[in-house]
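Please consult the sequence and the model while reading.

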Amino acid sequence: WTINGIVVSSEAVLQDTLQEKGNYIIGLEATNEFGCTNSSFQQLNIKAPQLDIALSNLRVVSKGDFTGFVISITNKGSLMPDYIDLDVDLGDFSVTERVEAVIYPESTNNYALGVSLSENQLRGISRICLDANAVSGNYIEENTNNNRACINLENAFRVMKIYPNPAKDIVTVPLILPENGNVIISIEHSDGKQDRSVSYPLETGYNEVRVERGNIKAGIYFLRIRYEGFDVVKKVVFK
């Protein structure tokens, strides 16, 4: 075994303590009984122990009749946190959710919060914020400037409860768009077969789209609503 070109061991397993941070080249040269030799080298970057967690890109996702949230958690330090407590500020009240997922240094995990809200619970809430408190042994996170992420619900894509449901001829789809864009709404059968798909050019803010039943028979169908990478499915019953 070599470290930066200096031979440090001839044992099968290398056990060595690196005292200084920096880049090291770890080399292994092996020779068999016939004198054939092969070697391998790998770079190792040693950093000072640092706990640094960053939150970003808090976004809204549909969970059936509920609204859920996904947050990107990045480990910018050299230590893996034992756990991360996320304080979820919902305005009039807050909850704390513990994240125990493994997040390796220099990697990002997209974490789906266990917190989900119904349409009634969302009313009156205009903004949701998350604060992260990371714990790793006795180490304390010093850089907490990036431990907070917020989202304004008025500026998020949301599909609310459709009505009437059951419906006879027309069902209304209320939704909120953060920007002008095309919303594609498809009617699908329970087996996934698509009946038809219509594109609606809509403006920023609150919109109501009236979807006609057409010639389909009475029964259970699904409305698939697509917008800028979002894909929301709502069940509808036509009488």
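The model is predicted, with local features requiring pLDDT of at least 70 and side-chain atom pairs counted only at pLDDT 80 or more, whereas totals for chains, interfaces and linings use all residues. Residues are numbered from 1 along each chain as its sequence is written, and side-chain values use heavy atoms, with hydrogens and water left out.

**Overall form**

The protein chain contains one helix and 18 strands; helices (H or I, at least four residues) and strands (E, at least two) are DSSP runs, numbered from the N terminus. Its radius of gyration is 27 Å, whereas a compact globule of 239 residues would have a value near 18 Å. That radius is taken over C-alpha atoms, and the globule rule is 2.2 Å times the number of residues to the power 0.38. Along the principal axes, the C-alpha atoms fill a box of roughly 85 × 50 × 25 Å.

Of the 239 residues, 37% are buried; buried means under 20% relative accessible area, exposed over 50%, and partly exposed in between (1.4 Å probe, protein chains only). Among contacts (heavy atoms within 4.5 Å) between residues at least 6 apart in sequence, 54% join residues at least 24 apart.

**Two nonpolar cores**

A nonpolar core is a set of buried Ala, Val, Leu, Ile, Met, Phe, Trp, Tyr and Cys residues joined through side-chain atoms within 4.5 Å. In soluble globular proteins, nonpolar side chains tend to be buried together. The largest core here has 28 residues, of which Ile71, Ile73, Ile84 and Ile128 touch the most other members. Strands β5 (53-63), β6 (66-75), β7 (83-89), β9, β10 and β11 each supply at least two residues of this core. A second, separate core of 23 residues includes Val159, Leu177, Tyr200 and Val209.

Leaving aside neighbours within four places in sequence, Ile71 is in contact with residues including Leu55, Leu86, Leu113, Leu130 and Ala149.

**Selected residues**

Val183 belongs to strand β14 (residues 181-188) and is buried, with a relative accessible area of 0%. Its C-alpha atom is separated by 5.1 Å from that of Tyr200, 17 residues apart along the chain. Beyond residues up to four places away in sequence, Val183 touches Leu175, Leu177 and Tyr200, among others.

Asn146, in the loop between β10 (127-135) and β11 (148-152), is also buried, with a relative accessible area of 17%.

Gly114 lies in strand β9 (residues 107-117). Why does Gly114 count as exposed? Gly114 counts as exposed because its relative accessible area is 55%. Apart from neighbours within four places in sequence, Gly114 is in contact with Lys63 and Glu97.

**Backbone features**

| Feature | Residues | Angle |
|---|---|---|
| Cis peptide bond | Tyr163 and Pro164 | omega about -20° |
| Cis peptide bond | Asn165 and Pro166 | omega about 15° |
| Positive phi | Glu106 | phi about 65° |
| Positive phi | Glu228 | phi near 50° |

Pro164 lies in the loop between β12 (158-159) and β13 (170-177), and Pro166 is found in the loop between β12 and β13. Glu106 lies in the loop between β8 (94-99) and β9 and is exposed at 62% relative accessibility. Glu228, in the loop between β17 (219-227) and β18 (230-238), is exposed at 62% relative accessibility.
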